[in-house]
Amino acid sequence: DIPLWLHLKSSSNQLNGRGKVILFLALVGFVSTHAKIKHEVNGKGNFIAKAVQEADAADYEKRYGYLKNRIQPKYAHVDLKFDFYPEDRKAIYEAEIKLVNVGEQNIDSLFLNFPDFVTIEQVATSDGRKLRETAYDDEHNSYAFDLPNELFPRDTLTLNLRAMKQYVGFSDDQEPQEDLAKIGAFGYIRDFLPVIGYDHERSLTQNRLREDHGLPKLSSRMAPLDDKLASSQLSSTPDALWCTGTITVGTSIDQLPLGPGNTVDSWQEKGRHYIRYHVSQAQLLNWYLGSFQTNPLAITVDSTLFEIWSYPDHSFNLDLYKKALISSYQFITDNLGDFPY
């Protein structure tokens, strides 16, 4: 075997001059591409190693574990105007959020945990008074605000929130960032709106990991039966009641905006496509938002209108989905009664 450096010697006839130039350029291209990928994925925060995620979760609990037993207001109603900008992988949104104090103590401060990549422009009351920020943790994107007036038990407070979320660069398979994609975005509403109080989703739940990071072991992942605060919370959304709301979703003209609830209006304006949805019956705040390039297939079964949405290039098996939908509908109505939606 001849060492690589001998192949590259100018006097060597193992590789001609053109081949040496091509090999050199390929090597430069490889190194440059590797550096570019590393910068786009790691340098712009699009990938966080598992060990770092675990350390961040432990740090969050150590800093804010005291909030687990601190009364905070809950979501009761959300009016949201949400604009997707698919080509920029960006969303700009405004929310009017009705909060209610369901506890037995007065509340004088508000703790908000925002997802990564979200930046807030304003948090204010409905009459335009900005909340005074008393603390900001950029590592966990968490804020503390003073309320202008104490919130008494059963009192409500309406917040106006303006924020933006954008991904820059690209990620790997472990962080798909599907809530803001170019041709088919689909995101949980909590990918955009804050968690109020302590964010239980950020906790370490495996005792082995908790021990590694100096946290006490959990005897159970469920709260004790006599925990009054836990008994007042919904397990899937501890910071929210069953909610109503109106959601207006806008996107580029070639895409279809998706939101929760019933469609009440649809229009096009300034090269954008909008649909307004209404959640009239209170639901869990587990809503989803989306923006898609799609060709909807309308199907009517017993006077109930359904639509199957598919990406235009993926319409080869729509007949199968149509048959499955009709069969499911017939099974549900035969065994469980009239379809309620």
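Good morning. The lining of the largest cavity consists of 10 nonpolar residues, 1 polar residue and no charged ones; Ala, Val, Leu, Ile, Met, Phe, Trp, Tyr, Cys and Pro count as nonpolar, Asp, Glu, Lys and Arg as charged, and the others, Gly among them, as polar. This is a predicted model, in which local features need pLDDT of at least 70 and side-chain atom pairs pLDDT 80 or more, while totals for chains, interfaces and linings use all residues. Residues are numbered from 1 along each chain as its sequence is written, and side-chain values use heavy atoms, without hydrogens or water.

A cavity here is a set of points on a 1 Å grid over the protein atoms alone where a 1.4 Å probe fits but cannot get out, and lining residues have an atom within 4 Å of a point. Grid points are joined across faces, edges and corners, and the volume is the space filled by probe spheres set on the points. The count is 1 cavity of 30 Å³ or more, and the largest has a volume of about 70 Å³. Its lining includes Tyr75, Phe114, Asn160 and Pro194. Strand 7 (156–166) and strand 2 (90–100) each supply at least two lining residues, strands being DSSP runs (E, at least two residues) numbered from the N terminus. Strand 7 gives the largest share, 3 residues.

I turn to Thr125. Thr125 counts as buried because its relative accessibility is 3%, the limit being under 20% with a 1.4 Å probe and protein chains only. Beyond its neighbours within four places in sequence, Thr125 is in contact with residues including Pro148 and Asn160, contact meaning heavy atoms within 4.5 Å.

Conventions. Buried < 20%, exposed > 50% of the residue type's maximum accessible area, 1.4 Å probe, protein only. 1 Å grid on protein atoms, 1.4 Å probe; cavity = no way out; pocket = protein on both sides within 12 Å on 5 of 7 lines; lining within 4 Å. Helix = DSSP H or I, 4+ residues; strand = E, 2+ residues; numbered from the N terminus.
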